[in-house]
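The sequence and the structure are shown first.

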Amino acid sequence: MSRDEKIINRLIISILDSKQCLKFLKELKFHTHGSSAYEAMLINAIICYAKPFVNNEQDKDTTADPTEDINLLTTLTDTEQKLHYKFLTIRNKAIAHSESKSDIETERSFLPASISKNNTEISVPFSIWHHFSDHAQGVRAFLSLASKVLKNAEDLTLYKMSEILNKQP
């Protein structure tokens, strides 16, 4: 399989992941903020959103190109890029991995338990939304960001496909 075909495969996977993210985000309006269903939809939206940006391909014979070769962020504003990296951080530190570094003040905001000032462990319910001051505005911003990434993936797919067609004799 050619490198171009692998890039197109990665882009198609990115399109599908972005559409799934948007589906979960749109489903949020049917659930009560803070409910288990709401949190599940939000967590799944973050997982789907992050998939195109996380390189988990370890097999050299994979049919999709590694993610670092595909830039879906070219049209994002500075604010959108910050939000993008915030979602990747939440995915990496709160959802996909349990990281525990020496900077407990930073890390504890991602963990389901925290340490009080007198070093007592306090159980805290896990919630994504304590990372956002206004959850409704956060959902709108996330929808906008995911929509833009989807459009970038679709545009880049069309561009790459036309490149391949133009190379053919």
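What covers the buried residues of H5? The model is a predicted one, and in it the cover over the buried residues of H5 includes H1, H2 and H3. The buried residues in question are Gly 138, Val 139, Phe 142, Leu 145, Ala 146, Val 149, Leu 150, Asn 152, Ala 153, Thr 157 and Lys 160.

Helix H5 covers residues 135–167, which is 33 residues. At 1.5 Å a residue H5 should span 48 Å, and its end C-alpha atoms lie 48 Å apart, so the two values agree.

H2 and H3 also pack against each other, with the geometry below.

| Helix pair | Angle | Distance between axes |
|---|---|---|
| H2 (residues 36–50) and H3 (residues 78–95) | about 110° | 10 Å |

Because of this angle, H2 is roughly perpendicular to H3. The crossing of H2 past H3 is left-handed. On the H2 side the contact is made by Ile 43, Ile 46, Ile 47, Tyr 49 and Ala 50; H3 contributes His 84, Phe 87, Leu 88, Ile 90, Arg 91 and Ile 95. By class, the residues of this contact comprise 9 nonpolar, 1 polar and 1 charged.

The loop between helix H1 (3–27) and H2 contains Lys 29. Is Lys 29 buried or exposed? Its relative accessible area is 66%, so Lys 29 is exposed. Lys 29 and Ala 136 are 107 residues apart along the chain, and their C-alpha atoms are separated by 9.7 Å.

Notes. Residues are numbered from 1 along each chain as its sequence is written. This is a predicted model: local features need pLDDT of at least 70, side-chain atom pairs count only at pLDDT 80 or more; totals for chains, interfaces and linings use all residues. Side-chain values use heavy atoms; hydrogens and water are left out. Axes are lines fitted to C-alpha atoms, for helices over the stretch in contact, and angles run from 0 to 180 degrees between N-to-C directions. Helices (H or I, at least four residues) and strands (E, at least two) are DSSP runs, numbered from the N terminus. Angles under 35 degrees count as roughly parallel, over 145 as roughly antiparallel, 65 to 115 as roughly perpendicular and the rest as oblique. A crossing is left-handed if the near helix is turned anticlockwise from the far one by less than a right angle, and right-handed if clockwise. Contact means heavy atoms within 4.5 Å. Ala, Val, Leu, Ile, Met, Phe, Trp, Tyr, Cys and Pro count as nonpolar, Asp, Glu, Lys and Arg as charged, and the others, Gly among them, as polar. Buried means under 20% relative accessible area, exposed over 50%, partly exposed in between (1.4 Å probe, protein chains only). The expected span of a helix is 1.5 Å times one less than its number of residues.
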